[in-house]
Amino acid sequence: MKEIIFAGFGGQGVLTGGLIIAYTASNLGLETVWLPSYGPTMRGGKANCTVKFGEKPGEAIGSPSMEEADILIAMNEPSLDYLEFCKKDCAVFVNANAVPESHVYPEGVDVTRIDVVELANEVGNVKGQNLVMLGAVIKKMGLFSEKEAEEAMCKMFEEKGKGAFNSANVAAMRKGFEAVS
Amino acid sequence: MAKELLKGNVAAAEAALRGGCDFFAGYPITPSTETLEYLSHRMPELGMKERFIQSENEIAAINMVMGAASAGARAMTASSGPGISLKAEGMSYAAHYSIPFVLLNVQRWGTGLGSLKSGQADYFRECKGGGHGDYHNIVYAPFNIQEMVDDMYEAWDVAEKYRVGVTMFSEAVLGQMMEAVEMPPFKKREKELDWGVDGTGTKGMKYPTGDGWDYVEFELEKYNRIIDEMQRWEFYNVEDADYIFTAVGLPARACLDVIAKLRARGEKVGMLRPKIIWPFPFLGFEELHRVNPHVKGFISVEMNDMGQMVDDVALAAKKAGFNVPVYCYPCGGGVPQVKAIIAKYQDILDGVLKEKY
């Protein structure tokens, strides 16, 4: 089972980012649970989601809540508080644009810094910062193949009536793949 | 049919429609609002624009549900703890007139306004009546979204069979999270109702009037049948277990993780998960006694502050012939952490946490 926390400010697309992981896993026939923070959150407030999926078909998911995450994706500095719910040797992906390089992490944590703002700007998709980050996570952690992730993302946005932005979104995700290749 | 990722609240709404729901009245409240929101566009899409009503308040909603159901609709309302408190009068009246309907409670934690944390603080209210007088709704307690879909799909068949209310004991996290589910096909009621108000005066509501023994006997016969016929539970690793967790909904999912972790270090633990909490699965405890009479104790894990289901666990254990301690870990609001449950289990082994019964 893989457990991933995707956290940031409301408006940074962390819920959507987690949802793409859930869609990709589900498309592959893996058991998946996606749990958002809910209630009176707002743009600029704290937001996060937890995604858990079985690594082979039939592997069921118990609790949907944050327990011992394998991966923490932190789009801002306060999100690093969720390390409390991570394994000691977890992988942390950090938005280099929002978290100072001087930030001190617990021992054993594997940190990858991604400048999502610059990379998203390079493909002219400033709203695709979450997708850049997602691409980096998927590639570096080997969660899914590039094709599986791209296809699931495009299918999901099509179903939501946002298929028109698919090529820009794929470009953002590919920037993330390249960033860790 | 392919599986689809759906939010619990949305899946419950779609499954209700597939199960024949053709009337909804409700008033929004977090964390149940997505059900109402989804039905507000889905019911018009299915040609039922006039049959979706966002009412002026909760009391109006339950009364509309009673009216629609009396006229033969498969009617539903949805809310969360505080909203359902306002519906208590209507629920009692519906029970008195034997009006079948479905109520979705997406529970918050707490008393009064409570908070938005997930909770199971409404166990007593949902299982022991809730409104005034003597009555019960049948209460389903699903632990994943597919089970909630299946329960909802069956809800009106059962409600109409016995002419009682059916309550879906959901919770904030189950309503808000997404899982892949398979939706069943649309179905209609198999046989026309032989009761109801249709304007011709030929059928009528067909329930005993007055306060005599014929009414009491009618009620007792109905509820005794339900107690016999609606016993549902699931066992997990019980055959050789020293300690049996009892939990419903998301705490039961956390207990599955607990069992895997404790079993990996050689601890013999299992779980009895009630799938319906009224009627409580007394038969499950009797079956457990046949399978494994050596159980040393029961541990009820609940998302409330003082423990509620633990009372029924203790009664069911006693009735089944277990003379063992019954412990409780009421974790408060929010899904209990796996390591917190394991710590409580250790406290029990160490004699730190005393039995409740």
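Predicted model: local features only at pLDDT ≥ 70, side-chain atom pairs only at ≥ 80, totals over all residues.
Trainee: What is the radius of gyration of chain A, and what would a compact globule have?
Mentor: The C-alpha trace of chain A spans about 40 × 40 × 40 Å along its principal axes. A compact globule with 181 residues would have a radius of gyration near 16 Å, and chain A agrees with that, so the value to remember for chain A is 15 Å.

Trainee: Which share of the residues of chain A counts as buried?
Mentor: Good one to ask alongside the contacts: among those in chain A with a separation of 6 or more, 57% come from residues 24 or more positions apart. As for burial, the share of the 181 residues of chain A that count as buried is 55%.

Trainee: Is A:Pro106 buried, partly exposed or exposed?
Mentor: You can find A:Pro106 in the loop between strand E5 (86-95) and strand E6 (110-114) of chain A. From A:Pro106 to A:Gly124 there are 18 residues in sequence and 35 Å in space, C-alpha to C-alpha. The relative accessible area of A:Pro106 is 44%, and values between 20% and 50% fall in the middle class, so A:Pro106 is partly exposed.

Trainee: Now chain B. What is its radius of gyration?
Mentor: Chain B has 13 helices and 15 strands, and its C-alpha atoms fill a box of roughly 70 × 45 × 40 Å along the principal axes. For 357 residues a compact globule would have a radius of gyration near 21 Å, and chain B agrees, with 20 Å.

Trainee: What percentage of the contacts in chain B with a separation of 6 or more comes from residues 24 or more positions apart?
Mentor: While we are on totals for chain B, 58% of its 357 residues count as buried. Of the contacts in chain B with a separation of 6 or more, the share from residues 24 or more positions apart is 80%.

Trainee: How many nonpolar, polar and charged residues are in the contact of H10(B) with H13(B)?
Mentor: H10(B) contributes B:Ala254, B:Cys255, B:Asp257, B:Val258, B:Lys261 and B:Leu262, which meet B:Val338, B:Ile341, B:Ile342 and B:Tyr345 of H13(B). Sorted by class, the residues of this contact are eight nonpolar, no polar and two charged.

Trainee: In which handedness does H11(B) pass H12(B)?
Mentor: Helix H11 (residues 282-291) and helix H12 (residues 309-320) of chain B pack at about 45°, with axes 8 Å apart. This makes H11(B) oblique to H12(B). The crossing of H11(B) past H12(B) is right-handed.

Trainee: Is B:Gln120 buried or exposed?
Mentor: B:Gln120 sits in the loop between strand E6 (115-118) and helix H6 (123-127) of chain B. Beyond its neighbours within four places in sequence, B:Gln120 is in contact with residues including B:Gln107, B:Phe169, B:Glu171 and B:Asn304. Its relative accessible area is 3%, and the cut-off is under 20%, so B:Gln120 is buried.

Trainee: How far apart in space are B:Glu160 and B:Arg74?
Mentor: B:Glu160 belongs to helix H7 (residues 145-162) of chain B and is buried, with a relative accessible area of 11%. Not counting residues up to four places away in sequence, B:Glu160 touches B:Arg74, B:Pro100, B:Arg189 and B:Leu193. B:Glu160 and B:Arg74 are 86 residues apart in sequence, and their C-alpha distance is 9.0 Å.

Trainee: Which residue does a cis peptide bond join to B:Pro279?
Mentor: Most peptide bonds are trans. B:Pro279 is in the loop between strand E13 (276-278) and H11 of chain B. The cis bond has an omega of about 0°, and the residue it joins to B:Pro279 is B:Trp278.

Conventions: Residues numbered from 1 in each chain as written. Chains lettered and ligands numbered in written order. Heavy atoms only, no water. Contact = heavy atoms within 4.5 Å. Helix = DSSP H or I, 4+ residues; strand = E, 2+ residues; numbered from the N terminus. Nonpolar A, V, L, I, M, F, W, Y, C, P; charged D, E, K, R; others polar. Buried < 20%, exposed > 50% of the residue type's maximum accessible area, 1.4 Å probe, protein only. Rg over C-alpha atoms; globule rule 2.2 N^0.38 Å. Axes fitted to C-alpha atoms, helices over the stretch in contact; angles between N-to-C directions. Parallel < 35°, antiparallel > 145°, perpendicular 65-115°, else oblique. Left-handed = near helix turned anticlockwise from the far one by under 90°.
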